[in-house]
Amino acid sequence: NVPTNDFTIYGETEFPLVPPAASYYLWGTYVDASNSTSVLWDGTNLIARKRISGTSHDATIALSPTAGTIFKWAARFTSTTGTDIFLNGVKGTNDATNTACQIGTNFQEGADGNGANAINGTIRNVKIYGSVLPNSLVSG
């Protein structure tokens, strides 16, 4: 089970070939077209997203992946400070929306939670922590 707030997700991803700019989901859970929670790459930024009633609330950090190189990411969703995204230990831009995440009945690694936007790469070592990890543990 994935909590609706106050959790952290971590993973490691590698693209064998860097895909063209598009949305590739590393992790996602889908309620409907207007509500979801995900970690994705949009061709420019790595994003931790809460989509609530059709509005995307995004924490972002720039990502220019190199083919064959593993990057480590973490997303932290909290009921007090909103959403944070980390890339290789560096914290990105926060989104302060602290509304609960939109969690569907299923979640997926490598897709958006609804079977779409699959990555052309490898995702491994995905861990979901049922708590808000401090910066020192998330960025370590």
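This is a predicted model: local features need pLDDT of at least 70, side-chain atom pairs count only at pLDDT 80 or more; totals for chains, interfaces and linings use all residues.
Local features were considered at pLDDT of at least 70 and side-chain atom pairs at pLDDT 80 or more, whereas totals for chains, interfaces and linings use all residues. Residues are numbered from 1 along each chain as its sequence is written, and side-chain values rest on heavy atoms, with hydrogens and water left out.

The chain contains 1 helix and 10 strands, where helices (H or I, at least four residues) and strands (E, at least two) are DSSP runs numbered from the N terminus. Read from the N terminus, the order of elements is β-β-β-β-β-β-β-β-β-β-α. The C-alpha trace spans about 35 × 35 × 25 Å along its principal axes. Of the 140 residues, 44% are buried (under 20% relative accessible area, with a 1.4 Å probe and protein chains only). Among contacts (heavy atoms within 4.5 Å) between residues at least 6 apart in sequence, 64% join residues at least 24 apart.

An open sheet of 5 strands has the order β8-β7-β6-β1-β10 with antiparallel pairing, two strands being paired if DSSP finds at least two bridges between them. Strands β8 (90–91) and β10 (122–129) are the edge strands, each pairing on one side only. Within this sheet, β6 and β7 (residues 82–87) run antiparallel and are joined by 6 bridges. Arg76 stands opposite Asp84 in β7.

Rings of Phe, Tyr and Trp (its six-membered ring) were paired if their centres lie within 6.5 Å, with planes under 30 degrees apart counted as stacked, over 60 as edge-to-face and the rest as tilted. This rule gives 7 aromatic pairs. The pair of Phe15 and Tyr24 is edge-to-face, because the ring centres are 6.5 Å apart and the planes stand at 65°. Phe15 also forms a tilted pair with Phe71, at 5.9 Å centre to centre and 45° between the planes. This second pair links distant parts of the chain, 56 residues apart: Phe15 lies in the loop between β1 (7–14) and β2 (24–32), and Phe71 in strand β6 (residues 70–78). Phe15 and Tyr24 are both buried, and Phe71 is buried as well. Elsewhere, ring pairs link Phe7, Trp27, Phe77 and Phe107 into a cluster.

Conventions:
Buried means under 20% relative accessible area, exposed over 50%, partly exposed in between (1.4 Å probe, protein chains only).
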